[in-house]
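Reader: Hey, could you walk me through this one? I'm new to it.
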Amino acid sequence: MYSFLKLALSGGCARTAAMSARRHVHVSRMLPIEMKLPALPKVTSIKYTIPTDPYLLANKFREVHRQDKLNDAVAIVMQSKTSNQSVVVWNLVINAYAQTGRLGRALRAFTEMKRRGFKPTPSTYTALFKACSLSDSENAQAIAEELFDSMKSHKIAPTVINVNALLSVYQRKHNLDALLRRFNEMSATGSEAPTLATYTIVMSALRRELATRLADLKEGGRENKDGEMSEFSVKRREALKKQHVHRIFDALMQTWKTYVDDAVHRMSEPQGDTPLLNLDAHIVFIVLKACHAVYSENRSLGRQGLKIAEQVYGFGRLDFESKSSSSSSSSNGEKPLALRIYQATATNAGSNGDAAPTPIIDSTIVDLVLDLCARDNEPSKAIRFWRSLETNYQSLVGEFSNESRAKYQAIVDKRKKA
């Protein structure tokens, strides 16, 4: 279902692929079991009463940890009897270390957990992937991959949350190839199908790669400041950089299209345990920011952001347009995507893989759309966009910032004067 991303990026991420290859060569010999893991603290700074019940022990850990005394909290667990511990307690320990990227300590806690006979759960691995993601260890990615593969040996089926956590590792380690490869392997249906979080991670990684490629392109002639390269070589290199920018942008747009198609398909043809796809302002922000970023390089690519804004939020009609033209529909006559998804997920809140509906638009999105309209000299689209918001998302319009309102009013005033 997602294999197009491989094609879209073929030849476009040679630098990332090379970095990935070098990284794998370097870390393949360094496995978690071979790491020198730091011992967990066993002595507390002050005297505590050691709980004799797993539930009370978990509460004690939380209480002491909230006091910014993680070493004491872990020492309390280490001093307690195994019979008074639980999987929940050890997950708390691992997650506490994971939040600050202390991978060695998280792995040591994982080892201690298993040594005491507690079987890891999917939540255990999610915390470990978090530790890998935030760790500055050059071996973090290889460790995360080995941990993911080891889930099978523990007879634990990876959940979509586990996969998303692994994707986050690739994202933070700037390994776009590995991220897309793992994304392409995901099931299109069932409880393991991609969620909003999945698409957000993938698109965030693509947007960052796009920013890197655009920065490389803007460097331009600086690479040839000594005049050592021929004019032909300079132009060829610039052409290749533009090609890479276009490929990454195309991959991001195709990911967005896949997300939209997937969301619509799940609404129109519900399939058992395949959750509906949610929509929030953040994923729209990612794609609109990408359009803004590429606009100066290629206007036709950048102005795709206006089509996406219409697709998601709809463009209402102007006063002089026929009243038969619905103010709550996009150009194809359908309800705006945001409205459809919001209504569907609100109805199915609790069964959705992304939980209850989240904010679908905010002032940042409004500003991005209005700015695109201004850059593209499309004041009428700005007005139609705002009217659609007033019609379809009236309860949210009041939350828009004064700056957004002022920006819209400036566009209206400018159009009146034209």
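Author: Here is a short tour, starting with how the model was made. It is a predicted model, where local features need pLDDT of at least 70, side-chain atom pairs count only at pLDDT 80 or more, and totals for chains, interfaces and linings use all residues. Residues are numbered from 1 along each chain as its sequence is written, and side-chain values use heavy atoms, leaving out hydrogens and water.

Reader: Which residues touch the most other members of the largest nonpolar core?
Author: W256, Y259, Y313 and I361 do, in a core of 118 residues. Such a core is a set of buried Ala, Val, Leu, Ile, Met, Phe, Trp, Tyr and Cys residues joined through side-chain atoms within 4.5 Å.

Reader: What does Y313 touch?
Author: Leaving out residues up to four places away in sequence, its partners include I360, I361, F385 and L389. A contact means heavy atoms within 4.5 Å.

Reader: Switching to helices: at what angle do α17 and α18 pack?
Author: Helix α17 (residues 363–375) and helix α18 (residues 379–392) pack at about 155°, and their axes are 9 Å apart. Axes are lines fitted to C-alpha atoms, for helices over the stretch in contact, and angles run from 0 to 180 degrees between N-to-C directions. That makes α17 roughly antiparallel to α18, a label for angles over 145 degrees.

Reader: Which residues make that contact?
Author: V366, V369, L370 and C373 of α17 meet K381, A382, F385, W386 and L389 of α18. By class, that's eight nonpolar, no polar and one charged. Ala, Val, Leu, Ile, Met, Phe, Trp, Tyr, Cys and Pro count as nonpolar, Asp, Glu, Lys and Arg as charged, and the others, Gly among them, as polar.

Reader: What about α8 and α9, how far apart are their axes?
Author: The axes of α8 (residues 140–150) and α9 (residues 160–172) are 10 Å apart, at an angle of about 160°. So α8 is roughly antiparallel to α9.

Reader: Last one: why is α10 largely enclosed?
Author: Because eight of the nine residues of α10 (residues 176–184) are buried, the rest of the structure largely encloses that helix. Among the buried ones are L176, D177, R182 and F183.

How values were computed
Buried means under 20% relative accessible area, exposed over 50%, partly exposed in between (1.4 Å probe, protein chains only). Helices (H or I, at least four residues) and strands (E, at least two) are DSSP runs, numbered from the N terminus. Angles under 35 degrees count as roughly parallel, over 145 as roughly antiparallel, 65 to 115 as roughly perpendicular and the rest as oblique.
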